[in-house]
Every structure is written in C-alpha cells, then in structure tokens.
Amino acid sequence: MQGYLNEERRGAVLRSLRTDEGTLSRDYLAAARTVLRELVAMPDLVQRLPLERKPGGYTRNLLAGNDAVSVWAIVWAEGATTCIHDHHCSCCFGVVSGTVTETWYRAIDATRAVATEEQERQAGYVACMLPSGPNIHRMRNLGPGDAISIHIYGFDHEAHASSIETEYTAVSG
C-alpha cells in the first residue's frame with residue numbers, strides 16, 4: 001500500500017517528521033506543516049499517483065508510515081463526508097486540489113456536539129492540531145468534482161485502524 005511514493009521520497013518524508021519530542025510537540029507540528037506545504041505545492045505529482053477513489057465517498061491512500069506517523073492522500077468524491085469526530089493523535093492536513101469544507105463543533109456532552117464555524121479549505125491550505133482539543137470537526141467535499149488532501153497523523157497505521165477518537169452526533173445549538 002505504501003507504493004504510491006517511491007522509497008526515497010517516503011524515507012525523506014518520514015525523516016522530516018522525526019523529532020526528539022515525538023508527535024505531540026510544537027516541533028513536530030512545524031515539521032508536519034513543512035512537509036504538507038511541500039506536498040500541496042506539487043499538485044501534479046500527487047494527482048498523478050494511482051490513488052484509489054470511491055464514487056460518493058472518500059478513500060484513504062497510505063503514502064508513508066512507521067511506528068510514529070502515517071501520511072495519507074485522501075480522495076474526496078463530490079458529496080463525500082466524514083462523521084463528526086475528534087482525534088486521539090496529532091492531526092495535520094493540506095488541500096492539494098479542489099475544496100474541502102471543514103465544520104468545527106463544540107461538544108455539549110460525550111456524544112453530541114453543536115456546529116460553531118464552517119470554512120472552505122482550498123488548494124494550498126495547511127493546518128495542524130494537537131489532540132489536546134477540543135478539536136471536533138467534520139470534513140466534506142461539496143463539489144464540484146473531486147478534491148484531494150494530504151493528512152499526517154501521529155499514529156502507527158498498523159496499530160490503529162483510524163485516527164478518530166470519538167464520533168459525535170450534531171444537535172442544534
């Protein structure tokens with residue numbers, strides 16, 4: 001699955017993300033921002049990768065990973081949406097192409113949340129957050145067409161199926 005990037009580029013990405021403090025530090029977030037800025041600045045390279053796609057949904061394509069981090073290209077078909085969720089690890093993402101709409105939420109209890117803000121994230125946008133939260137959000141591609149984003153998570157993709165900690169149900173405020 002990690003065949004999307006050649007071995008040299010995979011190694012360079014993973015080396016760039018190594019910090020002495022691990023994936024919960026400001027140094028790590030700065031390194032992840034740098035990697036994302038480099039990747040979103042090469043949309044032709046990313047769009048040429050043989051990424052899996054799912055009509056109406058989103059697909060995660062592992063680009064690189066080790067016991068500390070995982071780097072994914074996510075292809076968002078028009079209409080694709082995540083659940084409302086937070087993360088158990090650091091979460092950084094950058095938009096390569098298209099527009100991804102991110103809606104932020106505030107928890108009102110352990111399983112319900114109310115929307116607080118919505119932003120359109122366009123090609124070139126990069127953001128990082130620590131799991132110290134609250135970092136509850138939902139991501140969607142409202143179209144037109146596909147969108148591609150790169151996500152860097154501070155977790156071992158072989159030990160965890162996902163970066164999602166908790167899923168929430170939206171309620172009106």
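A residue counts as partly exposed when its relative accessible area lies between the 20% below which it is buried and the 50% above which it is exposed. Tyr125, at 26%, is therefore partly exposed. The model is predicted. This briefing covers its nonpolar cores, its cysteines and its ring contacts.

**Nonpolar cores**

- The largest nonpolar core is made of 28 residues. Leu17, Leu63, Val71, Ile150 and Ile152 have the most contacts inside it.
- Two helices are among the elements that give two or more residues to this core: helix 1 (7–16) and helix 2 (26–40). The strands that do so are strand 1 (58–65), strand 2 (70–76), strand 4 (91–97), strand 7 (126–129) and strand 9 (147–153).
- Helix 2 supplies the largest share of the core, seven residues.

**The disulfide**

- One disulfide is found in a search of the whole structure.
- Its partners are Cys92 and Cys128, with sulfur atoms 2.5 Å apart.
- The link of Cys92 and Cys128 is right-handed, with 125° about the S-S bond.

**Other cysteines**

- For Cys83, the closest cysteine sulfur is that of Cys91, at 12 Å, which is too far for a bond. Cys83 is partly exposed, because its relative accessible area is 24%.
- Cys89 is in no disulfide either, and the nearest cysteine sulfur, again that of Cys91, is 6.9 Å away. With a relative accessibility of 3%, Cys89 counts as buried.

**Rings**

- Three aromatic pairs are found in a search of the whole structure.
- One of them joins Phe93 and Tyr125, with ring centres 5.8 Å apart and 45° between the planes, and it is tilted.
- Phe93 is in strand 4, while Tyr125 is in the loop between strand 6 (112–122) and strand 7, so this pair ties together parts that are 32 residues apart in sequence.
- Phe93 is buried, with a relative accessible area of 1%, whereas Tyr125 is partly exposed.
- Arg60 lies over the face of Trp72, 4.3 Å from the ring centre.

Notes
Residues numbered from 1 in each chain as written. Predicted model: local features only at pLDDT ≥ 70, side-chain atom pairs only at ≥ 80, totals over all residues. Heavy atoms only, no water. Core = buried A, V, L, I, M, F, W, Y, C linked by side-chain atoms within 4.5 Å. Buried < 20%, exposed > 50% of the residue type's maximum accessible area, 1.4 Å probe, protein only. Helix = DSSP H or I, 4+ residues; strand = E, 2+ residues; numbered from the N terminus. Disulfide = S-S within 2.5 Å. Phe/Tyr/Trp six-rings, centres within 6.5 Å; stacked < 30°, edge-to-face > 60°. Lys NZ or Arg CZ within 6 Å of the ring centre and 35° of its normal.
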